[in-house]
Amino acid sequence: MTVTERAVDTSRETAPATGARVLRDGLRWGGGVALLLVSVAVAVTIGPARISVPDVWATVASHLGPGEARLSPIRDGIIWNLRMPRTLLAAVCGAGLAVCGTVMQSLLRNPLADPFVLGVSSGASTGAVVVVVLGVGGGAVSISTGAFVGALCSFALVLLLSHTLGGSTDRVVLAGVAAMQLFSALTSFVVMTAADAEQTRGVLFWLLGSLSGVGWTDVWMCSAVLAVTLLICLGHARTLDAFAFGQDAAAALGVHVGRTRIVLLCTTALLTAALVSSAGAIGFVGLVLPHAARALTGSGHRRLLPVTALAGAVFLVWVDTLARTVLDPQEVPVGVFTALIGVPAFVLVLYRTRRST
């Protein structure tokens with residue numbers, strides 16, 4: 001069977017499913033959603049203040065539904081204003097980074113690609129440091145805004161470089177590595193030359209990934225960008241299946257390779273920029289979770305993308321819970337724990353990739 005024939009056969013997997021497959025997928029996704037809801041509810045209860053799962057549901061009902069508040073204002077504030085937005089943003093970030101990793105690995109045909117391979121994280125870090133350390137904007141520009149602008153500048157540089165070099169997948173990766181090194185150097189230069197000790201500590205903590213101090217505005221903004229991105233990626237599910245066999249096979253199936261790659265890379269880069277601007281640089285989620293999800297669902301993106309999003313959400317909810325409680329009252333950046341978990345998984349991916357070559 002030729003590459004094109006295999007691509008056609010894979011694209012048929014996205015055809016209307018049988019009743020048994022629909023039921024099986026429904027049970028899988030329903031179980032994933034239930035696991036995510038339970039994880040969020042339980043994670044919110046973990047902390048110095050003693051809170052139960054019924055307290056969490058009652059607080060949510062009182063704020064979103066007809067329920068009446070039965071907790072004290074302090075306990076209600078701990079749940080609704082502190083722990084709930086942080087836990088939900090962890091779920092959104094985990095889902096978004098995992099989806100971005102899945103799409104990038106398919107587009108670039110690189111099992112080691114993740115949302116930061118395009119230098120978006122380094123650009124966001126530079127933007128945040130410029131605002132905090134150099135005071136650009138005179139206090140009118142937030143750290144999230146600076147990070148978002150920096151991420152977009154970095155991605156624009158990657159697109160320019162890759163287009164100049166020919167626009168192939170390996171050129172995109174090389175341009176991303178170059179941009180990542182450039183903006184990392186700029187960040188280090190600004191911190192070393194202009195930051196005091198307190199600023200340096202705060203910036204470094206944020207650069208390692210931190211969900212402390214987030215609010216509902218961050219949750220709604222990142223959730224909206226995630227929803228749009230997921231819809232766009234699901235709309236290109238068959239195209240992503242074709243890309244798995246190379247751009248020649250995708251072109252043979254009628255895919256406009258250049259335009260599709262730009263649309264999906266820009267979409268995932270914007271989502272990554274939004275997530276980094278709110279939560280800092282959280283690594284390895286987009287690298288590890290897509291491989292775990294593929295082991296459960298296979299390579300068909302219509303099933304893979306939702307499962308990857310749910311897996312990433314549940315994963316980061318519990319990693320963030322560990323980060324904020326393991327050394328209580330001191331908090332550990334969540335990126336530290338994702339790296340500790342992700343590095344062994346990264347080595348495993350390298351080993352499997354070497355064996356398959």
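A residue is called exposed when its relative accessible area is over 50%, buried when that area is under 20%, and partly exposed in between. These words are used throughout this report on a predicted model.

R109 is exposed because its relative accessible area is 53%, which lies over the cut-off of 50%. R109 sits in the loop between α4 (73–108) and α5. Its phi is positive, near 50 degrees, although R109 is not a glycine.

F284 is another residue other than glycine with a positive phi, here near 75 degrees. F284 belongs to the loop between α12 and α13 (285–297). With a relative accessibility of 24%, F284 counts as partly exposed.

The loop between α14 (301–325) and α15 (334–356) holds P329. The peptide bond that joins D328 to P329 is cis, with omega about 10 degrees.

**The chain as a whole**

The chain contains 15 helices and zero strands. Its radius of gyration is 21 Å, close to the 21 Å that the globule rule gives for 357 residues, so the chain is as compact as a globular protein of that length. Along the principal axes, the C-alpha atoms fill a box of roughly 65 × 55 × 35 Å.

Of the 357 residues, 47% count as buried. The chain exposes about 16,500 Å², and carbon and sulfur atoms supply 67% of that area. Among contacts between residues at least 6 apart in sequence, 75% join residues at least 24 apart.

**Helix α6**

Helix α6 covers residues 143–165, which makes 23 residues. From its first C-alpha to its last, α6 reaches 33 Å, close to the 33 Å expected at 1.5 Å a residue.

The buried residues of α6 are G146, A147, G150, A151, S154, F155, V158 and S162. Which helices do the buried residues of α6 pack against? They pack against α5 (120–134), α7 (169–194), α8 (197–207) and α12 (257–279). After α6 comes G166, and the phi of G166 is positive, near 125 degrees.

W216 lies in helix α9, residues 216–235. Is W216 buried or exposed? At 18% relative accessibility, W216 counts as buried, because the cut-off for buried is under 20%.

Leaving out residues up to four places away in sequence, W216 touches W80, N81, M84, P85 and L88. W216 and D196 are 20 residues apart in sequence, and their C-alpha atoms are 31 Å apart in space.

**A nonpolar patch**

V33, L37 and W57 form a nonpolar patch on the surface. Together these residues have about 290 Å² of accessible area. L37 is found in helix α2, residues 19–45. L37 is partly exposed, with a relative accessible area of 47%.

**Accessibility in one view**

The table lists residues discussed above with their relative accessible area and class.

| Residue | Relative accessible area | Class |
|---|---|---|
| R109 | 53% | exposed |
| L37 | 47% | partly exposed |
| F284 | 24% | partly exposed |
| W216 | 18% | buried |

Conventions. Residues numbered from 1 in each chain as written. Predicted model: local features only at pLDDT ≥ 70, side-chain atom pairs only at ≥ 80, totals over all residues. Heavy atoms only, no water. Patch = residues over 30% accessible without salt bridge, like charges linked within 9 Å, V, L, I, M, F, W, Y side chains within 5 Å. Areas by Shrake-Rupley, 256 points an atom, 1.4 Å probe, with all protein chains shown as cover. Salt bridge = Lys/Arg side-chain N within 4 Å of Asp/Glu carboxyl O. Helix = DSSP H or I, 4+ residues; strand = E, 2+ residues; numbered from the N terminus. Buried < 20%, exposed > 50% of the residue type's maximum accessible area, 1.4 Å probe, protein only. Rg over C-alpha atoms; globule rule 2.2 N^0.38 Å. Contact = heavy atoms within 4.5 Å. Expected span 1.5 Å × (residues − 1).
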